[in-house]
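Here is a short report on one protein model. Look at the fold, then read on.

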Amino acid sequence: MQRVTAFIDGFNLYYGLLDKGWRRYLWLDIQAFISSILLKNQSLTQVRYYTSIVHSPEDKRLRHQRYLDAISTYPIVEITLGRFYTNQNISKEKMTDVNIAVDMISGAVLDEYDVALLVTGDSDLVPAVKAVNRLRSDKRIVVVFPPKRESYELKQVCHAYKLTREHHFANSVLPDPVITSADLRLNCPDSWK
C-alpha cells in the first residue's frame, strides 16, 4: 500500500467552494474528502491542513475556529497556522505556502509518504514540487484542484492532477453536530447550510 499524506491549502479550498456556489459543503470532512480521491492501493496516513485564523469580523472568526475545532477531532488531521498581515487596511494571509513547501519537502526527505496529494491551485508551490522531484524522485506528487482553481504550472511539474467534482464534497460533509472528546457539540454554522 502506498502511504499518502494530503497537504491542503485551506483558504484556496474554501474560496474555491464559495466561488462555485457550494457553501453547503464548507462544513467539510476533509479526511473523508481526501479518502474519496484515493486509489485502491493507497492508504491515507496524514492530513495536513494549512490556514490562518481570521481576526475580524468576530462572527467569521468564530465560524472559522469552530470548523478547525471540528476537523481537529480526527487523529490524523494536523492543522498548521500561518498569520494575517495587515498593511494599510489590507489583510493578507502569510506563511501558508511556505509552511506547505517546508512540510512537503521535509516529509519527502524523511520518507513520511509515498504520495503527496497537494490540494491547491496556487502556482507558488511549483518550486517546492520541483524540489521534491529533485531530492526524492521516488515520491509522487498529485495536485488536487479545488473547484474553480487550476494551475497550468502545477500540472506541468506534478506527476498527475485531479479535478474535484461535486460528489467528492457531497459525500464528505461533517456530522452536525460534531461531538468532541470533551463532549462539546460543534454545530455547522447556519450561514453554511
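Which residues touch the most other members in the largest nonpolar core? They are I8, W27, I30, I34, Y67 and L117, in a core of 38 residues. A nonpolar core is a set of buried Ala, Val, Leu, Ile, Met, Phe, Trp, Tyr and Cys residues joined through side-chain atoms within 4.5 Å. Two or more residues of this core come from each of β1 (2-9), α1 (10-20), α2 (30-35), β2, α3 (58-71), β6 (115-119) and β7 (140-145). Helices (H or I, at least four residues) and strands (E, at least two) are DSSP runs, numbered from the N terminus. A second, separate core has 20 residues, including L125, F145, L154 and C158.

This is a predicted model: local features need pLDDT of at least 70, side-chain atom pairs count only at pLDDT 80 or more, and totals for chains, interfaces and linings use all residues. Residues are numbered from 1 along each chain as its sequence is written, and side-chain values use heavy atoms, with hydrogens and water left out.

R48 lies in strand β2 (residues 42-51). R48 counts as buried because its relative accessibility is 10%. Buried means under 20% relative accessible area, exposed over 50%, and partly exposed in between (1.4 Å probe, protein chains only). I79 sits in strand β3 (residues 77-81). I79 has a relative accessible area of 27%, so I79 is partly exposed.

**Helices α4 and α5**

In α5 (residues 126-135), V126, A128, V129, A131 and V132 are buried. Their cover includes α4 (96-109), β6, β7 and α6 (152-157).

How do α4 and α5 lie, and at what angle do their axes cross? The axes come within 9 Å and cross at roughly 10°. Axes are lines fitted to C-alpha atoms, for helices over the stretch in contact, and angles run from 0 to 180 degrees between N-to-C directions. Therefore α4 and α5 are roughly parallel to each other, a label for angles under 35 degrees.

Conventions: Contact = heavy atoms within 4.5 Å. Parallel < 35°, antiparallel > 145°, perpendicular 65-115°, else oblique.
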